[in-house]
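Please examine the structure below before reading the numbered points.

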Amino acid sequence: MALALGGYFSSASNVFTGSLVNVQAWFSARFVALQDFFTSPRDLASLRQRNAELEGEIAELQAQVIQLQQEVGETEILAALVDFSRARSENSYKAAAVIGRDPSPFLHYVIINVGSNDGILRGMPVVTNQGLIGRVDAVIADAARVELITDPASSVNVRLQNAETEASLVGSVTGDVTLELIPQDINVQPGDLVLTSGLGGGYPPDLIIGQVVNVRSRDFDLFQQATVQPVVDFNRLEIVLVIVNFKPVDIAPLLPAP
Amino acid sequence: MRNLVAVPVILLSVILQSAVISRVYLLSGIGDLPLVMLAAWSLQEEVDSAWHWATATGLLVGFISGLPLVVPITGYLAIVLLARIFQRRVWQAPLLAMFSITFLGTILVSVLSLGVLRFVGVPLPISDVLGLLTLPSVLLNMLLAIPVYAVMRDLARWVYPTPEVE
């Protein structure tokens with residue numbers, strides 16, 4: 001005992017315990033291998049079941065992620081619209097979702113999910129946080145049809161911010177918008193900002209429409225023309241704002257008969 | 001009772017047209033599901049209500065669209081007329097008839113829309129309309145023609161079951 005306590009048997013003890021551990025490890029490994037062998041079919045079945053459950057959960061979570069991403073996108077749009085309406089507090093807005101487009105390729109109209117029940121009237125301007133998109137053309141109780149500024153029949157009186165001149169913005173069947181009736185003596189440059197002028201009473205003034213992309217000026221023409229890049233992507237309209245406190249003025253009776 | 005099936009089918013086709021098909025552009029052209037649906041329905045031999053379907057579809061499309069009402073109604077009735085003519089002449093090759101009606105019908109409706117819109121004062125350049133709008137629309141309608149024909153044929157067989165001959 002005294003020798004053992006003195007550490008004289010430590011080497012022999014190490015050899016013994018080491019061998020014991022090795023033997024136990026060998027037995028343990030074989031046992032575990034045998035246990036795996038006999039129990040694996042049951043585990044495989046349970047693993048498969050668990051795998052199916054987890055795959056189901058993953059699919060569910062992926063669906064949730066997609067839904068949440070969509071909600072985040074909508075929230076971002078709504079937040080931008082709220083910022084826009086706060087910045088222009090002189091106007092009252094009614095938010096609406098775009099639920100369809102005109103069935104005819106000749107016309108550029110969208111259908112929104114608010115109508116006369118929500119106080120929408122024909123002629124009210126429609127905007128997004130980026131700028132003007134058009135005006136209400138027809139209204140029923142719960143929906144309205146909006147004529148976009150890209151429609152071939154659309155004409156908006158505008159002003160060029162830098163050139164301080166007025167012109168007319170017209171749509172086309174291809175969806176491009178063009179500035180017409182720009183006087184020849186006005187210097188129009190690409191990049192000039194195009195805003196509504198408010199003339200004619202169809203739209204409120206100072207709504208952003210887009211930027212001049214290029215100018216066509218020929219000596220023998222009475223007026224210059226310019227192509228405009230709208231700030232709004234008309235192919236991706238989701239939520240819009242109707243300016244409900246704007247009353248369009250009908251100047252048709254004041255115009256001379258042709 | 002058979003005519004009642006028109007209500008959901010026409011409503012569904014016009015809703016799909018406005019909500020989905022109208023957002024799928026090829027250049028400036030889009031497909032016309034109600035037109036293709038009417039063409040396929042009118043080609044079914046046993047169908048006797050195609051004129052009513054065309055009128056109802058034209059009224060509904062005219063209600064939703066900014067086009068003058070005369071365009072969809074006249075256009076869709078003309079589609080049925082074309083289908084009836086083709087049905088008697090190329091009855092052995094219904095798919096050929098379907099493609100022919102889709103092709104001619106799309107051009108007809110396009111020309112009709114162009115004429116009426118220009119008449120009411122909308123400035124539409126003919127070359128742009130033909131190149132960027134009518135021809136792409138013809139192609140998209142051709143793509144719609146086969147699946148829509150198959151669906152409408154099955155619907156016609158369900159609505160007008162053929163009596164078994166013993």
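1. Which residue in β10(A) is the bridge partner of Val194(A)? The partner is Gly210(A).

2. The model is predicted: local features need pLDDT of at least 70, side-chain atom pairs count only at pLDDT 80 or more, and totals for chains, interfaces and linings use all residues. Residues are numbered from 1 along each chain as its sequence is written, while chains are lettered from A and ligands numbered from 1 in the order in which they are written.

3. Strand β9 (residues 193–196) of chain A runs antiparallel to strand β10 (residues 208–216) of chain A, and 3 bridges join them. Strands (E, at least two residues) and helices (H or I, at least four) are DSSP runs, numbered from the N terminus. Two strands pair if DSSP finds at least two bridges between them.

4. With 6 residues between them, β10(A) and β11(A) form a hairpin. The two strands pair in the antiparallel sense over 6 bridges. Val212(A) stands opposite Val228(A), and Arg216(A) has Gln225(A) as its bridge partner.

5. β11(A) is also joined to strand β8 (residues 177–183) of chain A, antiparallel, by 5 bridges. Here Ile182(A) is the bridge partner of Gln224(A).

6. The contact takes 19 residues from chain A and 24 residues from chain B. Residues are in contact if their C-beta atoms, placed from the backbone, lie within 7 Å. On the side of chain B that touches chain A, α6(B) supplies the largest share, 5 residues.

Key
Two residues are in contact if their C-beta atoms, placed from the backbone, lie within 7 Å.
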